[in-house]
Amino acid sequence: MADDKVAIWGSGLKFGRKPANGELLIGNGEDMTMATLTAGAGASITNAAGAITISATGSGGTVTGVTASSPLASSGGSSPDISLTGTVGVANGGTGQSSLTANNVLLGNGTAAVQGVAPGASGNVLTSNGTTWQSTPPASSATTWSTSFKTSDQSVTSSTSYVDVTGLTFSFDANGTYAFRFFYAATYGPETGLRLSVNGSAAASSLIVGYSPTIGSNSSYGANIIFHAGAVPSPSGGFISGVVVFGGSSGTFAVRFAQGASNPGATTIKAGSYIEWRKVA
């Protein structure tokens, strides 16, 4: 048997010679051969009695310079400073914005810079118009009326110009349809009279009203709805109710009043008057 061979003999092994430091038993297809490991590129092997040490050789590669493309910048050399300049575009994982307004909701905008939606008025909700998102007042329930009461008297003197009844207004959405009910209590002298109207900061495309009492009345938006001449007893009260359809702008709906004839005597809308409204479409 050759010196570097190892034969299987009965239940044991038969060595042709003593193994050297670092030698292993390696199968050769017929029996076992004693051999050491061979080091590959970049490695060294040290054999010792009962031990084999494998180590890497060389120091590896060396960085000689680093470059960067916008929005990154490099100071160059083997130890560069890497900095970020400008804004990071959406295509590179950024927002495309140099700053974001506090508390705005961000909206995607394709590969262009992100957009923001401001919170708007207190109580607003984020709603879709079918194309994008916007901050709008919550839609009123079709079965719930909102109510605003007049808490103090309000008077006009020596004027036939309409003024808003303070506190008896409500905000409306563009293209919204609203039902409203207005109850009034008023006092005025026989020489002053009382005129009532409804109007808004944006035009209505339709107004249908009912009123009681029906003295000198019509249903023109911004014109007289009820006109109490001086012959009508004072104090008096009544109702105006109706449905108003608004155009393409949002705004504020208001109940208005004026004297029937200019006079130093006061025409007064009394505390306790109120308006109710709800959005129906």
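Guide: Here's a tour of the salt bridges, with the core and a surface patch to follow. Keep in mind that this is a predicted model. The protein chain has zero helices and 23 strands, so strand numbers will be our landmarks, as strands are counted from the N terminus.

By the rule used here, the count comes to four salt bridges. Let's go through three of them.

Start with aspartate 164 and arginine 256, whose closest N and O atoms are 2.8 Å apart. Aspartate 164 belongs to strand E15 and arginine 256 to strand E21, so this pair ties together parts that are 92 residues apart in sequence. Aspartate 164 has a relative accessible area of 37%, so it counts as partly exposed. Arginine 256, with 21%, is also partly exposed; the cut-off for buried is under 20%.

Next up is lysine 279 with aspartate 173, again with 2.8 Å between the closest N and O atoms. This one links distant parts of the chain: lysine 279 is in strand E23, while aspartate 173 is in the loop between E15 and E16, 106 residues apart. Lysine 279 counts as buried because its relative accessibility is 19%. Aspartate 173 is buried too, at 19%.

Then there's glutamate 276, which meets arginine 181 in a salt bridge of 2.9 Å, N to O. Glutamate 276 lies in strand E23 and arginine 181 in strand E16, so the two tie together parts 95 residues apart in sequence. Glutamate 276 is buried, with a relative accessible area of 17%, whereas arginine 181 is partly exposed at 32%.

Now for the nonpolar side of things. The largest nonpolar core has 26 residues, and the ones touching the most other members are Phe170, Phe180, Phe182, Leu194, Leu196, Phe253 and Ile275. Among the elements giving two or more residues to this core are E15, E16, E21 and E23. E16 supplies the largest share, five residues. Strand E20 is also one of the elements giving two or more residues, and serine 236 lies in that strand. Serine 236 is buried, at 14% relative accessibility, and its side chain makes a polar contact of 3.3 Å with that of tyrosine 188.

For contrast, hop over to the surface. Leu24, Ile26, Leu37, Ile52 and Ile54 form a nonpolar patch there, with about 390 Å² of accessible area together. Strand E3 (24-27) and strand E6 (51-56) are the elements that give two or more residues to the patch. Isoleucine 54, in strand E6, is exposed, with a relative accessible area of 57%.

Stepping back to the whole protein chain, 24% of its 281 residues count as buried. Of the contacts with a separation of 6 or more, 61% are between residues 24 or more positions apart. The protein chain exposes about 15800 Å², and carbon and sulfur atoms supply 52% of that.

Note on methods
Residues numbered from 1 in each chain as written. Predicted model: local features only at pLDDT ≥ 70, side-chain atom pairs only at ≥ 80, totals over all residues. Heavy atoms only, no water. Helix = DSSP H or I, 4+ residues; strand = E, 2+ residues; numbered from the N terminus. Buried < 20%, exposed > 50% of the residue type's maximum accessible area, 1.4 Å probe, protein only. Polar contact = N/O pair within 3.5 Å; in protein donor to acceptor, adjacent residues only side chain to side chain. Patch = residues over 30% accessible without salt bridge, like charges linked within 9 Å, V, L, I, M, F, W, Y side chains within 5 Å. Areas by Shrake-Rupley, 256 points an atom, 1.4 Å probe, with all protein chains shown as cover. Salt bridge = Lys/Arg side-chain N within 4 Å of Asp/Glu carboxyl O. Core = buried A, V, L, I, M, F, W, Y, C linked by side-chain atoms within 4.5 Å. Contact = heavy atoms within 4.5 Å.
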